[in-house]
Amino acid sequence: MALLIMILRKMVSNKWLELSLLLGLVLSVALTSSMPIYTSAILQRMLSQQLRNLQTDSGQYPGTYWLTASGPDAQQGSGYRATDDYMKDKAGASFGIPVQQFVRERSTEVYSFLPSDTAKMDVNKLRWANFTAISDAGSHSRLVDGRMPKDEPVDGVYEALVVPDALSEMNLVLGNVFTIRDDKVKQSIRVKPVGVIEPKDAGDLFWYNTSSSYKSSFLIGLDLFDREFTAGGKLAIKASYWYFALDYTKMTLRSMNDFIAGNRSISAHMAGNYESYSKNVPALTTLNQYKEKQAKLRILLWSLNVPVFLMLGFYLYMVANLITDRQKTEIAVLRSRGASRTQIILSYTAEGLVLGVIAFLIGPYLGVLITRVLGASSGFLEFVQRARLDASVNREAFGYASLAVIASLLMTLLPVLLATRFSIVAHKQQQSQANKPSFWHKYFIDIILIGISLYGLQSYETRLSRLLASGINTSDLSVDPLLFLIPAFFVLGLGLALLRLYPWLIKLIYLIGRRWWPASLYYTLIQIGRTSASFKFIMVFLIITIATGIFSASANRTINKNVADKINYGTGADMALQIRWENDAPPILLSGMTDNEEGEEGGSPESAASAAAPQKTQYSEPSFLPFTQIPGVEHAAKVFIKKEVSYYTQEKGRGDANPQRREQDKVEMMGIDTYEFGQTGWMRDGLLDYSFSSYLNLIASDPSAVLISRSMAEQHGVQPGDLIQLGWYGVEAVDFIVYGIVDYWPSWNPGAGAQTQTAAEDGDSNQSGRPNLVIGNLSYIQNSLGLEPYEVWLRLKPGTSSETVYNDVVDKGYDILSLRDANQERIQELNDPFQLAINGVMTLDFMISIVITFLGFLLYWVLSLLSRTLQFGILRAMGISYFQLIGMLIVEQLLISGAAIGMGMLSGNVTSRLFVRLFEMSFDPKTQVLPFEVTFDARDQLRLYAIVTGMVIIGIFILGYTVSRIRIHQAVKLGED
């Protein structure tokens, strides 16, 4: 206890340093523990969403667990009853989530039934049915007609229930007796339907089958069924069924593991008792996918947090070093008086454990708050109103917290370990060499880090080029930890390298104006030049913070923008609608064939000339004007897209008046109204040789003018000015004139990724097989080729809801066949767990970096000023005014903090330009149609600079306040002492 009190008193005497160290420990523990908390929270949200989507998309209840089994007659009785007990007693409890319904069902083979009263019933009507028993069916049904059956046979007749559809299906009348007619049935089995039932509630989870599924069944009690048929063997049992309705909304990641384990146990039981069985578990596929996502997301979070972990480690070391520096004399005296290094280290370990326990208790709960920040982030320093993540502290979070405390404790003990090497004499000698080269400069750590980073950059670029050339899916590479570690090394290495040049910069400034500098500035330059090594900690801090912030902003903006651009380009506009047109197509065409499929077997008009020409479908175009008048719609355009259009060339040099046409290829045709399309379509700048509007103006000058894709020009040798002919089955081909060549066009996929993969696999480098596109004027296409349905593309006004537009279109009487909504697709992408991780963690990393850098900045300078109290007192005594002293501090801050900020900006921009493009490995080249583009947004950097500038200004005010409290007579008296 005495030792603990001594340690606590020692900590109180250095309370500000200890509090700063505690804050760093808490942040380290909170950040580390937030990883499992965030992983669990985001995967829980996605798991619940995916299970809800499963019900919406497939119509299956996600909590369904259905089993059926059959076996030899000799084994059925005992086997089914044993499985009943297993399912009831063990299986239900093994799922880890509440069981809403448990249903057992058995059925016999199907037999032919004849009425006993042949005078009243048609004996020629074949009635095929079985006996079926459903446990507890009576409490979930209501009696529509008749009465409930007896639990025992009445005069050897089984009383049964039927569903309404059975009355018409088997031509039944309640009260009539039916007898099985089958040579395999030795006993006389008679049944009498006495009542008609239907489910009480159509949404009751008890009924996993519709009532019509039992239209060929006589329903009896399960106990009677087992006694007479299962155990009694009077009829052959076809199968037994077990059904659980589970409350999937209570599914968590922990219960998910229980569910999967329970499923394995049930499968083992079924395989050991039955020759064959089957099951239907809709949620199982989703759960297995999330097991993989959980592992990948954890790796991604660790990778994203590498920079801030380096920052926290650096901060902890700096604060611990500041504490140790103030106590080096005390440590040296203890060493000189016989204290061992182990004793000194143990005393500091006890001190660190006190702080570590506090951080361990606080950190995980702060991690919950961090998780909620992650869930609300939609970009770098951007937040949206999103449903709050269901985050809570779990056992895994405390496990991560304990590891963080141990690692942080080791980091803080490192300066103590180094300080215990010196006696009091060695300590004084070391103080006289305070400006010696730093460790990282002496051993060229900066050059080594830059070399490792550049080697990694080259390796990744080589790997990236090979992956893009092969076109394989690279989505798994988005969680490669080195992809985030290498830029962090480069930032640190480049920052340290720039600090090598800093003393030369100070000397240059000194030499430039040494004849004109005032005494205060002259003193400041001399002070910085002679003690530059003491400022390097805080300068490295600022460099890493600024550089990491710029890199995080650029990487985050680049990833988000490339995802958004891919969606906008694929949609073509904000919304793209396909509206049903009235037509005279025969029903078979409407039900089984699209208009793009018409006449595929014909090949060309010439080849089909001898065949009977099918009737051409006539379409009635709906009014387009209402689309332009919908509130919230800024522009609307007609976009006709026709697949499988035939491209023809004419044989030359024959001198024929009507040269023969020959089909060359199938192309995709797009018909547009150039002005409306230019106002509505989305196109990223820089994708075309000239501006998007220039190409539209080019073909607007001639109705027959077209643009063709680069793939078509290369494959068929078509050049601007050439005449081409296009048509499709049922229409005569017409002439078009090529006016230009484009590489990209809204909504069109050049298919380069798929082609390069094919070419690599086939060993062929030509461009055959790439999709071709022709863009022409819609009015000319409609007049020359035919009027067919087109898409309606809409550009919405800012803030307009796509749901509102959709409802307006429906209200105007249009039948929407298909819809592409860019805004909804972007929201879906932003809610992807990996996208959420990137957006949230990069923002959080920067915010934590700013906090600890501000604290480190403030702590360092306050301690520095306190250590220079004698200097400031002497300067004031020599006549330097308070405002001159403040001016000296401002200049000092500009030369130190300002220089560090400038180096951080340079380091961040260089790192971004070199390494952000590697994030292209996070995208699948098959779906990433547009070229990957590194993006810098001035708003991101302005926010970053504003935060850092505010930090420095606040620090200067606090430093000024600290200087104002210095008393000259105390400082001078201290110097005399």
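Predicted model: local features only at pLDDT ≥ 70, side-chain atom pairs only at ≥ 80, totals over all residues.

Colleague: What share of the 977 residues in the protein chain is buried?

Modeller: Buried residues account for 49% of them. As for contacts between residues at least 6 apart in sequence, 83% join residues at least 24 apart.

Colleague: Which residues have the most contacts inside the largest nonpolar core?

Modeller: They are Phe131, Phe218, Phe259, Tyr502 and Met539, in a core of 176 residues. Helix 27 (residues 833-867) supplies the largest share of this core, 17 residues. Apart from it lies another core, of 40 residues, which includes Ala636, Val667, Trp728 and Val774.

Colleague: What does Phe218 touch, leaving aside residues up to four places away in sequence?

Modeller: Its contacts include Phe113, Phe131, Met170, Leu172 and Pro193. Asn130 and Thr132 are also among the residues that Phe218 touches.

Colleague: Phe259 was named in the core as well. Which residues of helix 6 are buried?

Modeller: Phe259 is one of them, and the others include Leu253, Met256, Ile260, Asn263, Ile266, His269 and Met270. The length of this helix can also be checked. Helix 6 has 21 residues (253-273), so at 1.5 Å a residue it should span 30 Å; the end C-alpha atoms are 31 Å apart, which agrees.

Colleague: How should I describe two helices that pack together?

Modeller: Two packed helices are described by the angle between their axes and the distance between those axes. Here, helix 2 (residues 15-58) packs against helix 11 (residues 395-419) at an angle of about 145 degrees, and the axes are 8 Å apart. The crossing of helix 2 and helix 11 is right-handed.

Colleague: Which residues make the contact between helix 2 and helix 11?

Modeller: From helix 2 they include Leu21, Leu25, Val29, Pro36 and Ile37, and from helix 11 they include Glu396, Tyr400, Ala404, Val405 and Thr412. By class, this contact of helix 2 with helix 11 has 10 nonpolar, five polar and one charged residues.

Colleague: Let us compare two serines. Is Ser554 buried or exposed?

Modeller: Ser554 has 3% relative accessibility and therefore counts as buried, the cut-off being under 20%. Ser554 belongs to helix 17 (residues 536-571). Not counting residues up to four places away in sequence, Ser554 touches Ser912, Val916, Val934, Thr935 and Phe936.

Colleague: And where is Ser58 placed?

Modeller: Ser58 is in helix 2. Its relative accessibility is 39%, so Ser58 counts as partly exposed. The C-alpha atoms of Ser58 and Pro282 are separated by 9.3 Å, although these residues are 224 residues apart along the chain.

Colleague: What should I look for in the backbone angle phi?

Modeller: Most residues other than glycine have a negative phi. Asp155, however, has a positive phi near 55 degrees. Asp155 lies in the loop between strand 5 (141-146) and strand 6 (157-162). With 70% relative accessibility, Asp155 counts as exposed.

Colleague: What is the phi of Glu644?

Modeller: Glu644 has a positive phi of about 55 degrees, though it is not a glycine. Glu644 sits within strand 17 (residues 633-650). The relative accessible area of Glu644 is 43%, which makes this residue partly exposed.

Conventions. Residues numbered from 1 in each chain as written. Heavy atoms only, no water. Helix = DSSP H or I, 4+ residues; strand = E, 2+ residues; numbered from the N terminus. Expected span 1.5 Å × (residues − 1). Buried < 20%, exposed > 50% of the residue type's maximum accessible area, 1.4 Å probe, protein only. Core = buried A, V, L, I, M, F, W, Y, C linked by side-chain atoms within 4.5 Å. Contact = heavy atoms within 4.5 Å. Axes fitted to C-alpha atoms, helices over the stretch in contact; angles between N-to-C directions. Left-handed = near helix turned anticlockwise from the far one by under 90°. Nonpolar A, V, L, I, M, F, W, Y, C, P; charged D, E, K, R; others polar.
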